[in-house]
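These are my notebook entries on a structure that I went through chain by chain. I wrote down what I looked up and what I found.

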Amino acid sequence: MTTTTTVTFERHPDTYRHWKLDVDGEVAWLEMDVDEQGGLVPGYELKLNSYDLGVDIEFYDATQRLRFEHPGVKAVIVTSAKDKVFCAGANIRMLASSAHEWKVNFCKFTNETRNGIEDATEFSGQRYLAAVNGSCAGGGYEIALACEKILLVDDNSSTVALPEVPLLGVLPGTGGLTRVVDKRRVRRDLADVFATRSDGVKGKTAVDWRLVDELVPRVGFRESVLARARELAAESERLPGDQGVWLTPLNPEVTDDGIKYRFVDITFDRPASLATITVRGPEGEPGDLHAEGADGWLLRLTRELDDAILRLRANETELGTWVLRTEGDPAGVLAHEQQVLGAKDWLSNEILHYYKRTLKRLDVTSRTLIALIEPGSCFAGVLLELALAADRQYILDGPPIDDEDSEERASITLSEANFGPFPMGNGLTRLQSRFYGDDDHLAWLVRERDHALTPAETVELGLVTDAPDDLDWEDEIRIALEGRASLSPDALTGMEANHRFVGPETIETKIFGRLTAWQNWIFTRPNASGPEGALRRYGTGQKAIFDRKRV
Amino acid sequence: MPERIDYDAKIPNNVNLADDRRLQRALEGWQPKFMNWWGEMGPTLQTHGVYLRTAVSVGREGWAHFDHVNVPDYRWGIFLAERDPDRRIAFGEHKGESVWQQVPGEYRADLQRLIVIQGDTEPASVEQQRLLGLTAPSLYDLRNLFQVNVEEGRHLWAMVYLLHAYFGREGRDEAEGLLLRNSGSPDAPRILGAFNEETADWLAFFMFTYFTDRDGKYQLGTLKESSFDPLSRTCEFMLKEEAHHMFVGTTGVDRVVQRSADLIREHDTLDIASHGGIPLDIIQRYLNFHYTVSLDLFGSETSTNAANYYTAGLKGRWQETRRKDDHKLTEDSRDLDRPNGDGTWTSDELQAILLLNLDLRGEYTADCQTGVNRWNKILADADLDFRFKLPHPGFNREVGINSGHHITPDGNIVDEATWEASRHRWLPTTEDLTFVRSLMHPVYERGKIASWVAPPRQGINGKPFDYEYVHLT
């Protein structure tokens, strides 16, 4: 299937097709009830609560709204509204009929949603509980794995399973293998047995192997689950807050040439395979964070950036280079940042973690990221993280290109925001990743905080790749971008991912850097995707034919 | 392989159990659990001997022995049909190869699943029929109930033997699970829906043995084709016993219809309820219910699992070897009728291999029709105009492409309100069930029979109807 579907990512609980969100005091029920006929793209039915990108977009929307709109919720129960089936995982016919980039984009997004759930548990005190009320396979079990606790109905027949290897010739790619051993600490030999059994594991064995936490009788299942959720809620450290912030529609203006939001502007240059993303600083002094709600600068900006990244990834796969720019007053950025970093309430906490997750999305995006720092830009503190996320940074050392008499010069400003609150997936800040193992240099950078750094200083401090002057700027940037566009996109994807994630492995880096990288390789191999491969043959009643050579 | 059954062993068998100490120990460990289950979930009525058929051989000639047996002492055993040393795989990608005497590692999970599902249905009917002994219409019928029950028990043994002999510790766990699930249990119900329905009265029992056990016949028929020879031979022998269950159903419904026809003629009215008979429209509603619930047992019309099982050689088609095609089905297609939201039907052409459940269901439906013809002949012979009819396969379905649609017994697609408004005409109502139950008084005197059913034309094993088939005191 070569799909021309344009994917949008904004949803609302009132119009969910596949989920039911029901908030009851401290506990929310998030029930999966997939509409078989509601696939995002024609050509497959979403049977047995199997999911596609559209189902997961709603899931993501629900997790976001739970964090922002329902500050009172401390425990979230993820369960199925269908009888005897929790979730059959990612829809195989959808995967088999999708183009490679669609499959990979789907896997990336679903992984980010699962990571977001764990982030909510760890940093928002919103604890997730999977109430597995029927058979639970593949991506279905991976949803459960993302939750802090897994309860399995004790009906002597429901199982949890990761059947991808035996049935499909691919991996449980939404963190399945990694979470089984790293998070749930299932013994590796048992994990090996588990992941090669198409029929999964049920009952007491599932508990013994730590695949689930507890069995719950079928009679009174919901009551037992609710009681467990209440216990989790009682242990929650969620910061108090009774009035949520409603995530109002973003209403971007979408044209063939780009996407315009309030604080984010994207323009496409298709011949050059380029998207230029311009982020604007705040328009005035910070107001009351709660009163401003979804209109507050940093929250609004984050939502727009998040939406923009997702749209570009899904719909503009040939725009291989993203140029990151900012416009505005650095002092304003720092004032708004301080307001959020300084407050220790639930909303500022949510905004910071959301911004963190959005930066992480950028980190794992398989596009070349180039930051251009020019006069009039505002790469300070939180926005400087965008530049630090980029593969290269260029700062203009001279007056603005179109006004050589201007006194204005480009600068960047380090702040508290660059030294901790927004770690990457590897657990390090972007500065720690940039200067990995060089503690003296990091200590020097701490001393250079809170004042504007000139182009010369940014070079000396190693914060930019180059600082061309106004005579060279346009040519240098053009050559850099054109050169980049001429390279193999696959090689670039591999190279960038390598450079971005230095140092220690975490569950997140293993999932993105290892598991999904393997998956991408497996997805393109004939044993999975060839005409006689397992993924293509699935559902035809014919068996896959494997090339037996191991590579 | 001895054809004669070793009856001296603790567990009668023709599989040389005495030579396999490990397996013998495992089965002897399961035996008391089975007996506990039988004690708790088996027939409620206490008897002092039932005239039962016991398998004593598996050969063509005289495999059964009849005698009065104290039911808890019935010798449940393990009997496989004789082995054909030249048997070859008849279908799928292994077609032409020798059949397997061991489980191939590649298919272990699938074979285990198939056997567990088959095994799960066997004790279920015992559980569903648990209370029927208390309301049997005659000693003859009571005996048949026990016969069906002990053989369902033996069929459970057959599947448990396979699980123990070929599937290691997991197989033993699954064998135990078969006794832990219970029909209609809110905690751990049986795997398939129809086996969690109640069999509350004898008309339901006759319908169940006609329609639902007939599904069993077809499922066993497909497993008899299996490349896994022990499963094939097990099912082949089970089919011999299963035939009696369907006989109970066929003749049971015959006799109900006969009695109703007699009463209608005698009183010259279709409304025979007040005369202790079951009106024909209630019989039709029972038929509608049991037939449609049984259709659900065939699974979804399109099935990847069934296709995979076929290609792998695990489960064939009904009478696979008599089919005239390539037995691989990768190139064939056939049509599937699909209901549309706008009330029309569409016919889709699909790969034949994806429609194996539909294929089997077609064989089953044709077979069911013969019973309906039989019952209609009784009505015709009695000069009555009423005729029974199998409802459309889309009617009252919970499984497959018709589920979620509201389809009348005539095959019209209607809206939910219309359907619900007519439900009482099509499916047994609470009043119907209460009425039929009100007729269910036990008749335990020799040669006597309840008001709502005619006596059988013949007794069991040449014995007369008034033979004391069951010793109750």
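Where is the place of A:N156 in chain A? I found A:N156 in the loop between β9 (149-154) and β10 of chain A, where helices (H or I, at least four residues) and strands (E, at least two) are DSSP runs numbered from the N terminus.

Before going further I noted that this is a predicted model, in which local features need pLDDT of at least 70 and side-chain atom pairs count only at pLDDT 80 or more, while totals for chains, interfaces and linings use all residues. Residues are numbered from 1 along each chain as its sequence is written, chains are lettered from A and ligands numbered from 1 in the order in which they are written, and side-chain values use heavy atoms, with hydrogens and water left out.

I looked up the backbone of A:N156 and found a positive phi of about 65°, although A:N156 is not a glycine. Its relative accessibility is 18%, so A:N156 counts as buried; the cut-offs are under 20% relative accessible area for buried, over 50% for exposed, and partly exposed in between, with a 1.4 Å probe and protein chains only. I then turned to A:S273, which is not a glycine either and has a positive phi of about 55°. A:S273 lies in the loop between β15 (264-269) and β16 (274-280) of chain A, and with a relative accessible area of 25% it is partly exposed.

**The sheet.** I traced an open sheet of 4 strands in chain A, in the order β5-β8-β10-β11 and with mixed pairing; two strands pair if DSSP finds at least two bridges between them. Its edge strands are β5 and β11 (201-202), each of which pairs on one side only. Strand β5 (residues 84-87) of chain A runs parallel to strand β8 (residues 134-137) of chain A, and 3 bridges join them; here A:K84 has A:G134 as its bridge partner in β8(A). I also followed β8(A) to strand β10 (residues 159-161) of chain A, a parallel pairing over 2 bridges, and there A:C136 stands opposite A:V160.

**Helix α6 of chain A.** Which residues are buried in helix α6 (residues 176-183) of chain A? I listed A:G176, A:T178, A:R179 and A:V180. Their cover includes α3 (100-123), α4 (139-146), α7 (188-195) and α20 (507-524) of chain A. After α6(A) comes A:R185, with a positive phi near 55°.

**Chain A overall.** I counted 22 helices and 22 strands in the secondary structure of chain A. The radius of gyration of chain A is 24 Å, close to the 24 Å that the globule rule gives for 551 residues, so chain A is as compact as a globular protein of that length; the radius is taken over C-alpha atoms, and the rule is 2.2 Å times the number of residues to the power 0.38. The C-alpha trace of chain A spans about 80 × 55 × 45 Å along its principal axes, and buried residues make up 57% of the 551 residues.

**A serine in chain B.** Last, I looked up B:S232, which lies in helix α6 (residues 229-267) of chain B and is buried, with a relative accessible area of 3%. Leaving aside neighbours within four places in sequence, I found B:S232 in contact (heavy atoms within 4.5 Å) with B:R87, B:L223, B:K224 and B:S226.
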